Each structure stands twice: as C-alpha cells, then as structure tokens.
Amino acid sequence: MPILAAEHLYKIFGRRPHRGVEALQRGVTRDELRADGLTPAVIDASFEVQAGEIFVVMGLSGSGKSTLIRMMNGLHPATSGEVVIAGQRLSTLKGEALRRLRRERIDMVFQHFALLPHQTVGQNAAYALKVQGMNRADREEKAERALQMVGLGGWGDHLPGELSGGMQQRVGLARALAAETDIMLMDEAFSALDPLIRREMQDQLVDLQQRLDKTILFITHDLNEAMRLGDRIAMMRDGRIVQIGTAEQILNDPSTNYVAQFVQDVDRSKVLAAGAVMEPPVAVLGADQGPHAAHKLIREHQLQHLMVVHRDRRPAGVVSAEDVAAAVASQAQTLPLVPVAQLRTVDENVPLGELLTDAAQQREPLMVLDRDGRLAGVIHQVTLLSALGTRRESTRGSTPASASAPTGHEPTGHGSGRSEPDGHEPTAHQEVPV
Ligand SMILES: Nc1ncnc2c1ncn2[C@@H]1O[C@H](COP(=O)(O)OP(=O)(O)O)[C@@H](O)[C@H]1O
Ligand SMILES: [Mg+2]
C-alpha cells in the first residue's frame with residue numbers, strides 16, 4: 001500500500017472552481033479557462049509514493065508544484081480528487097483530526113524558511129514539538145539530536161542571525177526531523193542555496209533518508225537535483241503530470257517532446273549510475289579453475305575478457321583471451337589472472353561521470369559491484385562511452401589508454417527556448433511553521 005497517494009487531484013483558483021473541473025474534463029483548455037477568470041493550477045494529478053521513497057515533483061515555475069504539495073497535507077483543499085495518507089482519505093478529516101494527522105505524520109520544509117529570529121537555534125528546531133505540547137526537557141533533547149543529524153551539533157544556543165544561509169536551512173531540516181514524522185514534504189527546500197551547499201544538502205538528505213527511512217516528497221525546478229534525489233520523478237507541465245518514472249526512464253524514454261527537450265541538456269554522466277548501464281557478465285569463471293576451463297568459456301562466448309570470481313561471487317580478477325590462449329599453448333597450469341587489486345572496480349551507485357578516467361586507463365572492462373562487494377555486472381568501454389553520448393571513432397576491442405580523452409558528455413544545443421527560473425518566486429508564500 002502506498003503511504004501517500006494523489007487520486008485525480010484538481011486545484012482551480014477563482015470563483016466557483018468546480019465548473020473549471022467539468023470544463024477541463026470536457027476538453028476546454030487551460031488558457032480558455034484563464035480567459036474565464038479561472039486558474040487551473042493542478043489538473044488531474046495522480047501518483048503513489050511508497051514508504052521510504054524519495055519522490056520528486058519537477059517542473060518549471062508556475063507549473064503547479066507548490067499547489068500540489070499544499071494539497072498533499074491539506075493546506076489547500078482539493079477542488080476535486082482525493083489525497084490518501086496511509087490509507088486515510090484527507091477529505092474525510094476535519095479540524096482536530098486533520099491537524100493531528102499533519103502533526104504526527106507529515107512535516108513540511110519550505111524554500112524560504114522562517115526561523116524565529118529571537119529564539120535560539122535549538123528553540124527553533126524544537127518548534128514543532130512545542131506546538132505538539134511536548135515538555136521542555138524532551139523537546140530540547142530531540143531538537144539537539146536533530147541538529148546533530150544535520151551537522152549542527154553544538155549550535156543550539158546560538159541565534160539564527162549568527163548562522164550562514166546554508167546553516168539556517170539546515171535548522172529547517174532539523175525542525176522537520178525533530179518532529180519525527182514519517183513523511184516529509186519539501187518545497188524547493190534547497191533552491192535558495194548556493195550550488196556547493198546545495199550539493200551537500202542533497203547528499204545529506206539522501207543519507208538521512210536511508211538512515212531514518214522517511215518518505216519524502218521533494219519539489220524542485222532543477223532537473224539535475226530531481227535526478228540526483230529522486231527514486232522516481234514526476235514531470236509537471238502547466239498543471240499536469242506528463243511523465244512519472246525513474247531518472248533512467250525519463251532520460252532514455254521521454255514520454256513527450258516536452259520531456260525530451262527538457263532532459264536533453266542534462267549531464268548524463270552525473271545522473272546515470274554504473275548500475276544503469278552495466279551488463280550482466282555473460283560468463284564467469286570460478287577462481288579455482290584453470291586455463292583450459294577459461295579457454296573453453298572464452299571460445300564458447302567469444303569473449304575478449306572473462307571475469308573470474310570467488311565462490312561468494314566476489315571478484316578475483318579478469319583474464320584476457322590472449323593471455324589464456326598463450327597459457328594453454330604453453331601448458332601452464334595457473335590462470336594468467338589480472339588480480340582485482342590491480343583493477344578499478346566500481347560500486348553500482350557511482351555516477352558514470354566518475355568512471356571516465358578509469359574507463360580510459362584500463363583495458364579490461366570495469367567490474368561493477370553490488371553493495372556486498374559481489375560482481376553485479378561489467379561495463380565495456382564502448383558501452384560506457386556511448387551511454388555518455390561521447391562520440392569516438394574506435395569500435396570494439398582493445399582501445400589503448402592513449403585514445404582521445406572523453407569529455408564526459410558532448411555539448412548539446414542550448415537555448416531550447418526554456419528559461420531557467422531563478423528559484424525566487426514572485427508569489428510570496430507565508431511560510432509560517434505549521
Ligand atoms: N492562491 C492562489 N491564487 C490564485 N492563483 C494561484 C494561487 N497560488 C498559485 N496560483 C497560480 O497557480 C499556478 C501554479 O502555481 P504554483 O503552484 O505556485 O506553481 P510552482 O510552485 O510550480 O511554481 C500559477 O499560475 C499561479 O499563479
Ligand atoms: Mg512553487
């Protein structure tokens with residue numbers, strides 16, 4: 001069962017908004033409705049978020065993201081459709097029941113985070129707990145723990161004004177963590193941060209998610225951020241969700257021209273992980289086998305390299321067809337193994353961009369390891385380079401390290417007509433802590 005679901009959600013601003021829903025369903029366009037004084041901010045949005053997932057909603061400014069996320073916790077009532085949280089239909093909850101659900105299950109982090117300037121960092125982090133009526137000692141302890149989680153241990157007694165912008169945003173994250181809700185809604189939470197701090201916060205969020213097993217609905221207008229964070233991404237345009245998928249699915253199989261245009265400038269090397277492009281090893285050889293067994297497998301599968309693994313599938317090394325043929329010819333008894341210690345192996349989660357130098361410097365295919373260090377797949381140089389969209393003349397075979405250094409990704413045409421919003425939206429939200 002999904003922990004969070006949107007079922008055909010509509011939000012239309014203006015007088016008598018329900019007529020807008022019917023009109024849209026009849027095929028009236030968004031622009032026609034606007035002329036009629038209605039703003040369809042969210043149109044027929046449906047998705048499900050599984051527990052422990054980071055689900056990203058991505059779209060340009062004005063596409064309806066904030067409106068959508070505000071419906072998800074009941075800050076905005078939906079014009080039509082339903083929000084379901086852990087099996088509870090939001091529209092059936094009123095007053096205290098709704099407030100309790102919000103307090104206990106959902107927390108929200110905004111872009112422009114409102115810290116109370118005359119309260120200490122610790123008091124700010126504990127704010128939600130105070131609202132819940134928790135006693136002082138407990139909430140101070142929880143707030144301190146949350147501050148530690150975001151790298152602000154020991155800052156509890158300072159005033160917000162003494163912290164940098166990035167640190168202040170961390171207090172916002174700490175406040176949400178201290179509340180210990182299982183769902184976090186984050187609306188452009190990192191958009192106002194400068195790139196380095198932003199990157200750090202993204203890493204930290206992924207790390208926290210893994211440790212605390214939160215479910216996160218994260219909103220951004222930045223595709224690279226979406227791809228870095230999202231287990232799945234919903235692409236929004238003009239109020240509608242036009243595609244939902246993993247970063248790989250969206251990059252490799254965009255559902256519409258709009259999405260395709262959008263993703264064409266993405267730096268694939270930063271987004272695609274090794275695991276996404278690896279191939280399962282065609283054949284592997286047990287480390288206790290000899291040259292003859294290797295030779296047989298190599299001939300059977302017409303391999304240039306054969307992966308050699310221990311019984312538990314941890315890699316032992318690689319043998320090349322050439323070396324094996326020579327070993328057989330000279331009746332050698334031991335495998336001409338290039339041991340794994342001399343090879344670069346990669347974790348399946350490593351972004352391709354970080355593999356490039358390895359790929360260029362090693363003749364053997366890269367071994368991709370799973371989290372337990374077992375062989376999960378291999379990446380041949382050609383595969384790697386073509387996955388990155390890097391054109392190169394050479395085809396299969398032993399490409400020496402002297403080949404022209406790959407640049408990561410080919411320059412694609414810029415200026416596809418979309419203007420990147422700067423993250424500062426003109427509509428001022430009242431970001432009061434809830
Ligand atoms: N309270 C409101 N009243 C009227 N129109 C609104 C309101 N909030 C948002 N809108 C409009 O709804 C559309 C979507 O806005 P928003 O959800 O803020 O988009 P995003 O967060 O993707 O930038 C915009 O056209 C915006 O002007
Ligand atoms: Mg917004």
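Which residues in helix 7 meet Ala174, Leu177 and Ala178 in helix 8? In this predicted model, the answer is Lys142, Ala143, Ala146, Leu147 and Met149. Here contact means heavy atoms within 4.5 Å, while helices (H or I, at least four residues) and strands (E, at least two) are DSSP runs, numbered from the N terminus.

Residues are numbered from 1 along each chain as its sequence is written, and chains are lettered from A and ligands numbered from 1 in the order in which they are written. Because the model is predicted, local features need pLDDT of at least 70 and side-chain atom pairs count only at pLDDT 80 or more, whereas totals for chains, interfaces and linings use all residues; side-chain values use heavy atoms, with hydrogens and water left out.

The chain has 18 helices and 17 strands. Of its 434 residues, 47% are buried, where buried means under 20% relative accessible area, exposed over 50% and partly exposed in between (1.4 Å probe, protein chains only). Among contacts in the chain with a separation of 6 or more, 65% are between residues 24 or more positions apart.

Two packed helices are described by the angle between their axes and the distance between the axes. The axes are lines fitted to C-alpha atoms, for helices over the stretch in contact, and angles run from 0 to 180 degrees between N-to-C directions. For helix 7 (residues 136-149) and helix 8, the axes come within 8 Å and cross at roughly 130 degrees. This makes helix 7 oblique to helix 8, on a scale where angles under 35 degrees count as roughly parallel, over 145 as roughly antiparallel, 65 to 115 as roughly perpendicular and the rest as oblique. The crossing of helix 7 and helix 8 is right-handed; a crossing is given this label if the near helix is turned clockwise from the far one by less than a right angle, and is left-handed if anticlockwise. By class, the residues of this contact divide into seven nonpolar, no polar and one charged. Ala, Val, Leu, Ile, Met, Phe, Trp, Tyr, Cys and Pro count as nonpolar, Asp, Glu, Lys and Arg as charged, and the others, Gly among them, as polar.

Ala143 is buried, with a relative accessible area of 1%. Beyond its neighbours within four places in sequence, Ala143 is in contact with Gly122, Ala125, Ala126, Leu129 and Ala178. Ala143 and Ala176 are 33 residues apart in sequence, with 9.7 Å from C-alpha to C-alpha.

Helix 8 (residues 165-178) also packs with helix 9 (residues 195-212), at an angle of about 15 degrees and with the axes 11 Å apart. That makes helix 8 roughly parallel to helix 9, and their crossing is right-handed. Helix 8 contributes Gly166, Gln169, Arg170, Leu173 and Leu177 to the contact, and helix 9 contributes Ile197, Glu200, Met201, Gln204, Leu205, Leu208 and Leu212. Seven nonpolar, three polar and two charged residues make up this contact.

Turning to the strands, two of them pair if DSSP finds at least two bridges between them. An open sheet of four strands has the order 2-1-4-5, with antiparallel pairing. Strand 2 (39-49) and strand 5 (88-89) stand at its edges, each with a single partner strand, so one side of each lacks a neighbour in the sheet. Within this sheet, five bridges join strand 1 (residues 4-13) and strand 4 (residues 80-85) in the antiparallel sense, and Tyr10 has Ser80 in strand 4 as its bridge partner. Helix 3 (residues 65-72) packs on the sheet, touching strand 1, strand 2 and strand 4, and its direction makes about 125 degrees with that of strand 1.

Elsewhere, strand 6 (residues 106-109) is covered on both faces, with Ile106 and Met108 buried on one side and Asp107 and Val109 buried on the other. Strand 6 pairs in the parallel sense with strand 7 (residues 183-187) over four bridges, and Ile183 is the bridge partner of Ile106. Strand 3 (residues 54-58) and strand 9 (residues 232-237) run parallel, joined by four bridges, with Val57 partnered by Ala234. Strand 9 and strand 10 (residues 240-245) pair in the antiparallel sense over five bridges, and Ala234 stands opposite Ile244.
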